[in-house]
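Work through the exercises below with the model open. Try each task before reading its solution.

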Amino acid sequence: MGVGTAGPAAAESAGAPGAPGVLGGQSVLPGDPRFQTLSQGFNQRWSSRPAYIRLVGSDADAVAGLKTALDKGLRPTIRGGGHCYEGFVDNDGGAILDLSTLRGVRAARDKFGAPTYCVEGGATNWDVYTSLFRTYGVTLPAGSCYSVGAGGHVSGGGYGLLSRRDGLTVDHLVQVDVVTVRGGTVELTTAHRDDPVTSPESDLFWAHTGGGGGNFGVVLRYHFARLPKPPPRVWLSSVAWSWADLLKHPEDFRRLVENFGSFFAEHSGPKETVYRGLFAILKLTHRTNGNVVLLSQWDEDDPAPLEEFLAAMEAGLTSRAVVQSYAAGGVLLPYPDKRRQMPWFQATMTLNPSGANQRGKYKSAYHRRRFTPTHIDAFWEWLTKTVPGVDLTQTLVQIDSYGCRINEHQPAEAAIPQRDSVMKLQYQTYWTDPAQDAAHLAYLGGLYQAVYMATNGIPEIDTDTDGAYVNYPDVDLGTADQKHPAYQRLYYKQNYARLQRVKKTWDDGNVFHHAQSITLPS
């Protein structure tokens with residue numbers, strides 16, 4: 001086994017608040033028992049054979065590690081939690097800079113001396129929630145999957161079950177500490193929301209409010225200010241409609257999807273007050289799964305609005321909902337009611353949907369209005385069809401509620417531009433056998449194209465839909481080596497040109513790149 005260890009960091013970089021890591025980094029080489037795990041993502045489709053993996057141990061180690069890779073002529077990629085849906089960290093023959101040992105969450109100060117909450121780039125969502133809640137009584141409105149890393153989650157915008165109430169993760173961001181390669185010089189740069197608007201640092205900060213991971217540098221720390229307190233308690237509800245009933249009553253499937261879309265089209269504007277604390281997910285599973293599931297979280301003690309929402313979902317249906325568990329298994333609950341109240345922190349643990357490491361493919365879409373008949377017809381057609389020899393039990397369209405406080409911001413205010421959507425959809429399929437890769441990719445691609453056939457098979461911007469989510473990357477939307485790939489428009493809309501200018505300023509050598517990275521302006 002080959003493991004080389006560097007010494008402790010010698011000094012704290014100027015302007016970076018908080019103490020650097022006390023341990024130096026180490027290089028994990030092929031033959032080390034950790035190598036396979038650290039070169040593979042959560043999605044088992046992706047694995048690579050880098051020259052080595054650098055476990056970054058401190059600010060100084062991050063700077064030195066990046067410089068060493070460049071001096072050796074090796075391409076660097078950055079790994080946080082390892083949850084990238086595509087193979088953007090894969091780096092055969094290059095150097096993976098792994099931030100997973102930098103997972104601190106603490107009170108700090110920004111470069112102007114103001115108090116912040118500091119989250120290191122290798123921290124997971126669970127590190128963030130546990131530390132912020134137990135130590136400071138606050139939280140971030142971020143994702144529900146416990147093992148997702150902050151390094152990529154935040155830079156792509158970040159959202160979760162409290163986002164309708166508290167906005168996106170980046171709406172609370174005030175500073176990033178990032179190792180950059182500006183003009184060929186590797187250094188730690190501190191970029192703040194309040195830097196002069198004409199400064200390059202101001203643009204660099206803005207680019208990290210939704211510009212995607214792996215584009216501009218190695219993010220060592222995020223700083224947040226004025227974080228919200230979570231609700232003391234929340235109500236959870238998990239109900240399901242059996243596919244056996246829906247196949248007997250196809251009109252119930254249509255009505256259920258219409259009810260969900262219409263409710264959130266009506267109750268997701270920036271001035272919404274009654275249902276701002278409601279988050280809901282409608283899981284349109286493949287028929288072989290057995291059930292279509294509606295999961296809801298309500299953040300006030302009075303459950304009446306939640307009950308009104310559940311009644312609205314069942315309006316006009318012949319099929320009756322049954323109560324399900326909140327866990328991935330979906331077993332029946334021993335509770336007589338369709339709702340259960342529990343402390344917020346326990347609910348956050350209960351709702352973790354990370355699941356098992358498998359092979360997966362994902363697609364996404366923002367929806368600005370209720371579903372059209374074309375959308376619903378495509379859901380029904382594809383979710384009820386079977387493919388001989390292919391297990392589609394873990395295939396679904398997940399429809400998340402969106403909007404409210406998210407939509408209080410203007411599209412150019414942050415790099416993430418979708419600010420008037422009412423739902424966010426994630427198309428997912430999971431399997432374990434590599435021999436089924438092509439079949440699952442073809443199925444999900446066909447479903448997606450059918451849903452958006454009215455706009456050439458993609459969720460076109462500024463229509464009923466508004467593009468796709470950069471944190472759910474999908475290489476079917478094009479790659480950086482194409483002239484005008486769709487992902488540039490679908491992820492970033494009108495903000496892409498500014499992101500290119502930031503790229504030109506801070507990474508003119510295109511050191512940080514992957515299949516769907518920000519390209520240099522031509």
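**Exercise 1.** Which residues does V170 touch, not counting residues up to four places away in sequence?

*Solution.* This is a predicted model, where local features need pLDDT of at least 70, side-chain atom pairs count only at pLDDT 80 or more, and totals for chains, interfaces and linings use all residues. Residues are numbered from 1 along each chain as its sequence is written, and side-chain values use heavy atoms, with hydrogens and water left out.

Step 1: V170 sits in the loop between α5 (163–166) and β8. Helices (H or I, at least four residues) and strands (E, at least two) are DSSP runs, numbered from the N terminus.

Step 2: list the contacts, meaning heavy atoms within 4.5 Å. Beyond four places in sequence, V170 touches V154, G157, H208, T209, G210 and I416.

Step 3: check burial. V170 is buried, with a relative accessible area of 5%. Buried means under 20%, exposed over 50%, and partly exposed in between (1.4 Å probe, protein chains only).

**Exercise 2.** Find the side-chain polar partners of D127.

*Solution.* Step 1: locate D127 in helix α3 (residues 125–136). D127 is buried, at 18% relative accessible area.

Step 1: apply the polar-contact test. A pair of N or O atoms must lie within 3.5 Å; within protein, one must be able to donate a hydrogen and the other to accept it, and residues adjacent in sequence count only if both atoms are side-chain atoms.

Step 2: read off the pairs. The D127 side chain meets the side chain of R103 at 2.9 Å. It also reaches the backbone nitrogen of T124, at 2.9 Å.

Step 3: Leaving out residues up to four places away, D127 touches R103 and V105.

**Exercise 3.** Which residues of helix α6 (residues 200–207) are buried, and what covers them?

*Solution.* Step 1: the buried residues are S202, L204, F205, W206 and A207.

Step 1: their cover includes β8 (173–182), β9 (185–192) and α14 (496–506).

**Exercise 4.** Which residues touch the most other members of the largest nonpolar core?

*Solution.* Step 1: define the set. A nonpolar core joins buried Ala, Val, Leu, Ile, Met, Phe, Trp, Tyr and Cys residues through side-chain atoms within 4.5 Å.

Step 1: Among 101 residues, they are F260, L284, L294, F309, F379 and Y427.

Step 2: look elsewhere. A second, separate core of 16 residues includes V56, V63, L66 and F512.
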